[in-house]
Amino acid sequence: ASKAAAAAADAVLVAGSSVATFSAFRLVKRVAEDRKPVAVLNIGPSRADPLASLAVSADVATVLPALVGGLYGQQAEAEVWRSAAAARSRAETSANN
């Protein structure tokens with residue numbers, strides 16, 4: 001299924017991953033080999049950086065909500081922030097149990 005998704009994709013955004021596992025790298029590589037854009041947003045280097053049309057070294061938790069807000073408006077940005085806070089809360093609750 002992941003190979004089919006990579007083949008069908010118009011582009012790939014790698015967000016918050018170093019793409020250290022070969023399975024993830026293989027999917028990014030396939031998209032790049034098809035001459036489709038690859039963008040990487042990660043703190044620090046990523047294995048996919050050499051394949052990327054755009055590589056940005058930044059915190060995904062800061063940049064992604066702002067990107068969503070720029071594309072879809074402030075209401076969408078606020079929803080991303082709410083979703084991220086809820087996910088953090090669930091993770092903290094799970095870690096404490």
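## Close-up views of the predicted model

**View A. Asparagine 42 is buried, with a relative accessible area of 9%.** Here, buried denotes under 20% relative accessible area, exposed over 50%, and partly exposed the range in between (1.4 Å probe, protein chains only). This is a predicted model, in which local features need pLDDT of at least 70 and side-chain atom pairs count only at pLDDT 80 or more, whereas totals for chains, interfaces and linings use all residues. Residues are numbered from 1 along each chain as its sequence is written, and side-chain values use heavy atoms, with hydrogens and water left out. Asparagine 42 belongs to strand β2 (residues 38-42); helices (H or I, at least four residues) and strands (E, at least two) are DSSP runs, numbered from the N terminus. Residues up to four places away in sequence not counted, asparagine 42 touches Gly16, Ser17 and Ser18, as well as Val56, Ser57 and Ala58. Contact requires heavy atoms within 4.5 Å.

**View B. Valine 60 lies in helix α3 (residues 60-72).** The relative accessible area of valine 60 is 24%, which means that valine 60 is partly exposed. Valine 60 and asparagine 42 are separated by 18 residues in sequence, and their C-alpha atoms are 6.2 Å apart in space. Neighbours within four places in sequence set aside, valine 60 is in contact with Ala15, Gly16, Leu41 and Pro65.

**View C. Helix α3 has Pro65, Val68 and Gly69 as buried residues.** Seen down the axis of α3, its buried residues fall within an arc of 100°, so they line one face of the helix. The arc is taken over the directions from the helix axis to the C-beta atoms. On the other side of α3, Gly70 and Leu71 are exposed. The cover over the buried residues of α3 includes α4. At 1.5 Å a residue, the 13 residues of α3 should span 18 Å, and the end C-alpha atoms of α3 are 17 Å apart, which agrees; the expected span of a helix is 1.5 Å times one less than its number of residues.

**View D. Phenylalanine 22 and phenylalanine 25 belong to helix α2 (residues 22-33).** A search of the whole structure finds one aromatic pair. This pair joins phenylalanine 22 and phenylalanine 25 in a tilted arrangement, 6.3 Å centre to centre with 50° between the planes. Rings of Phe, Tyr and Trp (its six-membered ring) pair if their centres lie within 6.5 Å; planes under 30 degrees apart count as stacked, over 60 as edge-to-face and the rest as tilted. Because they are three residues apart in helix α2, phenylalanine 22 and phenylalanine 25 are separated by about one helical turn. Phenylalanine 22 counts as partly exposed at 46% relative accessibility, whereas phenylalanine 25 counts as buried at 14%. Arginine 47 lies over the face of phenylalanine 25, at 4.5 Å from the ring centre; a charge sits over a ring if NZ of Lys or CZ of Arg is within 6 Å of the ring centre and within 35 degrees of the ring normal.

**View E. Helix α2 contains the buried residues Phe25, Val28 and Val31.** Seen down the axis of α2, its buried residues fall within an arc of 125°, so they line one face of the helix. An α-helix has 3.6 residues a turn, so residues three or four places apart point the same way. Among the elements that cover the buried residues of α2 are α1 (2-8), β1 (12-15) and β2. The 12 residues of α2 should span 16 Å at 1.5 Å a residue, and its end C-alpha atoms are 16 Å apart, which agrees. After α2 comes arginine 35, whose phi is positive, near 60°.

**View F. The largest nonpolar core has nine residues: Ala6, Val14, Val19, Phe25, Val28, Val31, Val38, Val40 and Ala48.** Two or more residues of this core come from each of α2 and β2, and α2 gives the most, with three residues. A nonpolar core is a set of buried Ala, Val, Leu, Ile, Met, Phe, Trp, Tyr and Cys residues joined through side-chain atoms within 4.5 Å. Alanine 6 touches Leu27, Arg30, Val31 and Lys36, not counting residues up to four places away in sequence.

**View G. Alanine 85 is situated in helix α4 (residues 74-96).** At 36% relative accessibility, alanine 85 counts as partly exposed. Alanine 85 and alanine 7 are 78 residues apart along the chain, and 33 Å separates their C-alpha atoms. The protein has four helices and three strands, following the pattern α-β-α-β-β-α-α along the sequence.
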